[in-house]
Amino acid sequence: MFMKKMYGLAAGCVGMAALLTACTPQVSTNVPNVIRVENVDAGDEGKVTINSSDSVEVTPDMAEIVYGITTEDDDASACQQKNTEALNQVLAFLKEQGYADESIKTTGFSLDPRYDWSGNTRELIGYEMRTQVTVTDVPVGDVGGLLSKTVESGANEILNVTYFSSTYDEAYREALKKAVDLARGKAEAIAEADGRQVGKVLRVEEYNDGQYGRYVSSGIEQRSMKMMDAEAAPAAGAADMGVMPGQMKVTANICVDFEMLP
């Protein structure tokens, strides 16, 4: 059931390639640097290949927050100055909260003209500047308060909040172990059906460890504070935003070759 026969003679293949080249010089034959020959005959014990996947759920304990700072003015220089002042206030606040320089990054600088398209021709009515600030290594318990207080300090957009687990690597190793155990269980069930036993692991391949599951989006995206009126904004920031990170799934995918015993 598990036996297969694959015979190959590397020397014969090379010799045949040389013979063909000698007879027909106009034809080139590429001989690989390594010719793999696998012999599995009735005297060998054979193997069975199993694909397996298993997961471990963990609770995120850290977060990354992306803020937006948007300013508008009739004059480009004045618009940039307003944005710089608001940005400096946000950065100063984050540093006051204990976040180091390596945990704060400013990105996405842009200064764009604003036009009125209501008439037959466009009319320049001002400028808009936008800056993004990303802060990482935020404990989940601090996210709600930080969101509200940073908005009060000068940020007028919450672009995204992403959760992650500081124990991801440990959880992934546990998922790998579970995937191997699951693979062995499958192999044993197949071997039992054929009246055989499973031996040692011959080979393991790990798939898709791109760590895409390391981060999970909170669903808090593109929340703009620009349209709030002057009275509503302080009221909205007075209370901490509720944060529910939920759980994230860490998955390992593997392929295992097991030795098959009589």
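Is Lys-47 buried, partly exposed or exposed, and what is its relative accessible area?

Reply: Lys-47 is partly exposed, with a relative accessible area of 29%; here buried means under 20% relative accessible area, exposed over 50%, and partly exposed in between, using a 1.4 Å probe and protein chains only. The model is predicted, so local features need pLDDT of at least 70 and side-chain atom pairs count only at pLDDT 80 or more, while totals for chains, interfaces and linings use all residues. Residues are numbered from 1 along each chain as its sequence is written, and side-chain values use heavy atoms, with hydrogens and water left out.

The side chain of Lys-47 meets that of Asp-257 in a salt bridge, at 3.6 Å from N to O. The term denotes a side-chain nitrogen of Lys or Arg within 4 Å of a carboxyl oxygen of Asp or Glu. Because Lys-47 belongs to strand β1 (residues 47-58) and Asp-257 to strand β8 (residues 248-261), this pair ties together parts that are 210 residues apart in sequence. Strands (E, at least two residues) are DSSP runs, numbered from the N terminus. Whereas Lys-47 is partly exposed, Asp-257 is buried, with a relative accessible area of 2%. Both residues also belong to a network of salt bridges that links Lys-47, Arg-203, Glu-205 and Asp-257.

The structure holds eight salt bridges, and two further pairs may be set beside this one. Glu-72 forms a salt bridge with Arg-114, the closest N and O atoms being 3.9 Å apart. This pair links distant parts of the chain, with Glu-72 in strand β2 (residues 62-73) and Arg-114 in strand β3 (residues 104-116), 42 residues apart. Glu-72 is partly exposed at 39% relative accessible area, and Arg-114 is partly exposed at 26%.

Arg-130 and Glu-157 form another salt bridge, in which the closest N and O atoms are 3.2 Å apart. Here too distant parts of the chain are linked: Arg-130 lies in strand β4 (residues 123-139) and Glu-157 in strand β5 (residues 157-164), 27 residues apart. Arg-130 is partly exposed, with a relative accessible area of 26%, but Glu-157 counts as buried at 7% relative accessibility.

As for cysteines, the count of disulfides comes to zero, a disulfide being a pair of cysteine sulfur atoms within 2.5 Å. Cys-79 is buried, with a relative accessible area of 0%, and Cys-255 is buried at 5%.

Conventions: Helix = DSSP H or I, 4+ residues; strand = E, 2+ residues; numbered from the N terminus.
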